[in-house]
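Morning, everyone. Please bring up the structure, and let's walk through the helices.

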Amino acid sequence: MMLHYVPIMSVTYDLKIKDVYKNSFLLVFGKIVRNIIALISVAIPAFAIFFGVMFTDGVWFYITGILAILIIPLLYSYISISIVAKGLQDTVGSFTVDPKKPQPVVIEEYEKEVANKSESDYVFINGKMVKRDK
């Protein structure tokens, strides 16, 4: 169950790998009910597809196998995002940008200062290469 948290935490937060695994281990026991629901939500369809593959033959074997290859990753991704990430946000803190919070704006004075310190003819300002005025 710890592996539900590792990919989300390693991508979202700037943590050492040791801290990612430590926090994932603690979150497994901190949100045990949510983790059991996530595990059951993945296990029931996985067993259904497994038994579907085991007890079919002929063309249905291949159809069930293709559906298993397509459905299991989608199901796991959906469950890890909807169930596990919600618990992670509640426990650790939100990792989405608040739309009400104003975003920092690049100041023109800073752009001029950076442009003057550069030795090349072109300067990278606000995401664009601009020719420097001399």
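Start with phenylalanine 25 and phenylalanine 29. They sit four residues apart in helix α2, so about one helical turn separates them. Keep in mind that this is a predicted model.

How many aromatic pairs does the structure hold? Five. In the pair of phenylalanine 25 and phenylalanine 29, the ring centres are 5.1 Å apart. The planes stand at 75°, so this pair is edge-to-face; the cut-off for that class is over 60 degrees.

Now, how far can we trust the coordinates? The protein chain has an average pLDDT of 76. A score of at least 70 is reached by 70% of the residues. Where is confidence highest, and where is it lowest? Highest is α2, with a mean of 86. Lowest is helix α5, residues 108-117, with a mean of 60. Where pLDDT is low, predicted coordinates should not be read in detail.

Next, helix packing. Take helix α1, residues 5-12, against helix α2, residues 17-30. Their axes lie 9 Å apart, and the angle is about 135°. The two helices are therefore oblique to each other. What is the hand of the crossing of α1 and α2, left or right? It is right-handed.

Which residues meet there? From α1 come Tyr5, Val6, Met9 and Ser10. From α2 come Val20, Tyr21, Asn23, Ser24, Leu27 and Val28. By class, the contact of α1 with α2 has seven nonpolar residues and three polar ones. None is charged.

The contact of α3 with α4 includes 16 nonpolar residues. Another five are polar, and three are charged.

To recap. The α1 contact with α2 has no charged residues; the α3 contact with α4 has three. And α5 has the lowest confidence in the chain. Over to you for questions.

Note on methods:
Residues are numbered from 1 along each chain as its sequence is written. This is a predicted model: local features need pLDDT of at least 70, side-chain atom pairs count only at pLDDT 80 or more; totals for chains, interfaces and linings use all residues. Side-chain values use heavy atoms; hydrogens and water are left out. Axes are lines fitted to C-alpha atoms, for helices over the stretch in contact, and angles run from 0 to 180 degrees between N-to-C directions. Angles under 35 degrees count as roughly parallel, over 145 as roughly antiparallel, 65 to 115 as roughly perpendicular and the rest as oblique. A crossing is left-handed if the near helix is turned anticlockwise from the far one by less than a right angle, and right-handed if clockwise. Contact means heavy atoms within 4.5 Å. Ala, Val, Leu, Ile, Met, Phe, Trp, Tyr, Cys and Pro count as nonpolar, Asp, Glu, Lys and Arg as charged, and the others, Gly among them, as polar. pLDDT is the predictor's confidence in each residue, from 0 to 100. Rings of Phe, Tyr and Trp (its six-membered ring) pair if their centres lie within 6.5 Å; planes under 30 degrees apart count as stacked, over 60 as edge-to-face and the rest as tilted.
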